[in-house]
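Please examine the sequence and the structure before reading on.

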Amino acid sequence: MTTAAEARTHRVRLAPVALCLGLPGCSSPTAPQKPPSGGQTLVLSFSQFQQTIEPVLSRQGCDATGDCHGGGIRGTFQLSPPGAKDAQFDFDQASLQVYATNRAASPLLTAPLADSAGGTPHPYKPFASTSDTDYQAILQWIQSGTMQ
């Protein structure tokens, strides 16, 4: 049987060993591991966006100020305002609204589409049906994207 004094001495002797074993956990941070790779990315045409899609977004008033996408962040889709167009910014924002796997279900297509035609909730519905020429232009741009 050990006495309290012997137990305290034993703990004091083990403290430096425990401290040394614990120090590696307190070392400098290391670089995080790289994320997994090997997946494919949908690549959309910037020039086609500039020539075809940007005019559709402007014509339909999507870039209008106030409560629309050109008036600041109102959800997840923001466009540059009419007086200060930035095609690269608008392309990047529109691309985020496109699904790589189920392209026809992309929010860029379904949000402005009438509910009766398969649209999703959105306060403004410029496309009454999927046969609308502006809807078709956006669909063609999305469908022409390539997986790389």
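Axes are lines fitted to C-alpha atoms, for helices over the stretch in contact, and angles run from 0 to 180 degrees between N-to-C directions. The model is predicted: local features need pLDDT of at least 70, side-chain atom pairs count only at pLDDT 80 or more, and totals for chains, interfaces and linings use all residues. Residues are numbered from 1 along each chain as its sequence is written, and side-chain values use heavy atoms, without hydrogens and water.

**The chain**
- The chain contains five helices and two strands; helices (H or I, at least four residues) and strands (E, at least two) are DSSP runs, numbered from the N terminus.
- Along the sequence, the pattern is α-β-α-α-α-α-β.
- Of the 148 residues, 30% are buried (under 20% relative accessible area, with a 1.4 Å probe and protein chains only).

**Helix 3**
- Helix 3 spans residues 87-95, and its buried residues are A87, D90, F91, Q93 and A94.
- Seen down the helix axis, these residues fall within an arc of 165 degrees, so they line one face of helix 3; the arc is that of the directions from the helix axis to the C-beta atoms.
- The buried residues of helix 3 pack against helix 2 (46-59), helix 4 (107-110) and helix 5 (133-143).

**Helix 2 against helix 3**
- Helix 2 and helix 3 pack at an angle of about 95 degrees, with their axes 10 Å apart.
- That makes the two helices roughly perpendicular (65 to 115 degrees).
- F46, F49, Q50 and E54 of helix 2 meet A87, Q88, D90, F91 and A94 of helix 3, where contact means heavy atoms within 4.5 Å.

Definitions and conventions. Buried < 20%, exposed > 50% of the residue type's maximum accessible area, 1.4 Å probe, protein only. Parallel < 35°, antiparallel > 145°, perpendicular 65-115°, else oblique.
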